[in-house]
Amino acid sequence: MMNIFGDGVWVQNDPLELVLDDLLKLDDILGCMVASKTMIAVMPDQSKFDPQVLELWDIIKRAMDDVFVVIREYSQTGLNEIEFRLQDYEVLFYILPDTENALVAIIPALANKGLLEVEMENARREILEIMKKQESERLTSL
Amino acid sequence: MDYKLGETQAAVGISRKWDAREAGRDVARSTLQKLNSSPNFFLLFSTIHYEKYGGFEEFLNGVWDVLPQGTPLVGGTVPGFMNNYGCFTRGATGLAIASKNMDVSIGIGNNTKRSPKKAAKNFSEMINNKKQTNYSNKFLFVLISGSIVPSFPGMGMKRVIKTKIPSSVVSRMLKTSLQVSQKGVGREDIILEEISKQMPDFSIIGGSSIDDNKMEKNYQFFNDKVFTNSVVGLSLQTDSPILLDSQVAVKKTDKVFKAQTAGEKYVINRINNKPATKTLFELLDWPESFMDERLHRRTFFYPILFEKEEEIFPEVIGVLAGNSIVCGFDIKSDDLFIGHSSRKILLNAIKNSVQNITKQGKPDLGLVIYCSSFLEALGRDFFEVRRILMDAYDEAPFVLIAAGGEDFRIPDKIPKHCNETINTAAFSF
């Protein structure tokens, strides 16, 4: 697990990891991460990802990179969600407002997506809270 | 969330823990800590996840580590819920009331899919046999084991079976599956009708217990035991006002058709005297490529409707098997419509429901049963539904559970089990 937000320092036991771990425990979340165009900021241990996703990881990653171009272009104008279907999978991007980062999840194309979306939204809200807290602690320590 | 008024207190709790035992303790603790005295009952709803994280027996053991012995408890698995704390499709929620001014009784009936009438009678007897004070308002909450997609030899557990099997064979297979393995439709319509006969003075709301919308399994809770294929419920008698409302979140379209059922009344084998599936797709202008396992993501926006005694009954298509359309409950008319739902219609329905309830009085506690297909259709817009409810309930506790089918009945009206409705019981203490 790694976190290279902010100053680029890898942090162990980051609270963001716990949020992603919770998501990854859901049967139909095959892989998830917080990512941006330039980097995967927080990603759970890839061994917890579904093996099917790992097989397709290179293609998914390339497609994700292209989507992040759109996110970077429009995240400041209210874009908050993108998804695409690739083979038997769907990749959901929940954009973290005012950033170029997104919470990304890979799910089976046949999954009951509506139910997963509720927990994705909960995760996004938790991540925003954590980031806000981290930023406020960072400012206090200056 | 807690709420105190006079001698009655209501509370709603939650747990998001993963471990079944810890979650059981947590949901009981977070509910009961807001009550000043022991609860009259405990309603418990959980998502299916605890099956893999310790099991539901351990989950209930956790609840009973905290809940005072002898408290009547009923509940079961649901695909999702919302309450004053948020919207969730993983976790558990509890609802309890402590009051000196109400009678509570609980009941259970087993083998609901094999013997629905018998299960309903046993359930009603248990509740009716308990001596009750003569309170004026009689309310019943029911949770019935919902449909389970049957698994056919060589076909597995599928919602869309393209093999050309005759409708008569589909009907026979479904009937056998219900009798032998209790897999298939939930028979909630039959159960609700029978309970309504046995308990004519009661207003009823309820829902079908299911899993995470996969329709593979579901569990019901009754005191300290876990059951499958059961109806569980709770009667509540009080002099306090009980505010009720039912909303259908579907509009009729001008697409009308004649349907013929094959043996089982929930299997449509012909539409306008032609093979059912193909004709339905023609009516909807849908290409054949839509006939895949993602079908249910589309059909909940286009349910089948029938009318009975001026009430609309929407049915979400459950399974397509060859040219047969398998619905979730008996179709009680030959004249059917195709309905249409949308995000706007759903949100308007919840707004209407809230308006109708608040017109009747100030809700001090709300219990809302909401079709699980809405949860699937709305996704993260489920949070918008919560915003509407939060505005209406203010500080008062409420729980909304998603269900695989919804039940509603008020005395002197026909009992109604269907999909795509929003049923509310609010209590004014």
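The expected span of a helix is taken as 1.5 Å times one less than its number of residues, helices (H or I, at least four residues) and strands (E, at least two) being DSSP runs numbered from the N terminus. The model is predicted, with pLDDT of at least 70 required for local features and 80 or more for side-chain atom pairs, whereas totals for chains, interfaces and linings use all residues. Residues are numbered from 1 along each chain as its sequence is written, chains are lettered from A in the order in which they are written, and side-chain values use heavy atoms, without hydrogens and water.

**View 1. Helix H8 of chain B.** Because 18 residues (343–360) at 1.5 Å a residue should span 26 Å, the 26 Å between the end C-alpha atoms of H8(B) agrees with expectation. Buried residues (under 20% relative accessible area, 1.4 Å probe, protein chains only) of H8(B) include Ile345(B), Leu346(B), Ile350(B) and Ile357(B).

**View 2. The interface of chain A and chain B.** Contact (heavy atoms within 4.5 Å) joins 25 residues of chain A to 24 residues of chain B. The two chains bury about 2,200 Å², 46% of it on carbon and sulfur atoms, as accessible area (1.4 Å probe) lost on being put together and summed over both. Asn112(A), Leu115(A) and Val118(A) supply 28% of the area that chain A buries against chain B, more than any other three residues.

**View 3. A salt bridge between the chains.** Six salt bridges (a side-chain nitrogen of Lys or Arg within 4 Å of a carboxyl oxygen of Asp or Glu) cross the interface of chain A and chain B. Glu81(A) pairs in a salt bridge with Arg380(B), where the closest N and O atoms lie 2.5 Å apart.

Methods:
Buried means under 20% relative accessible area, exposed over 50%, partly exposed in between (1.4 Å probe, protein chains only).
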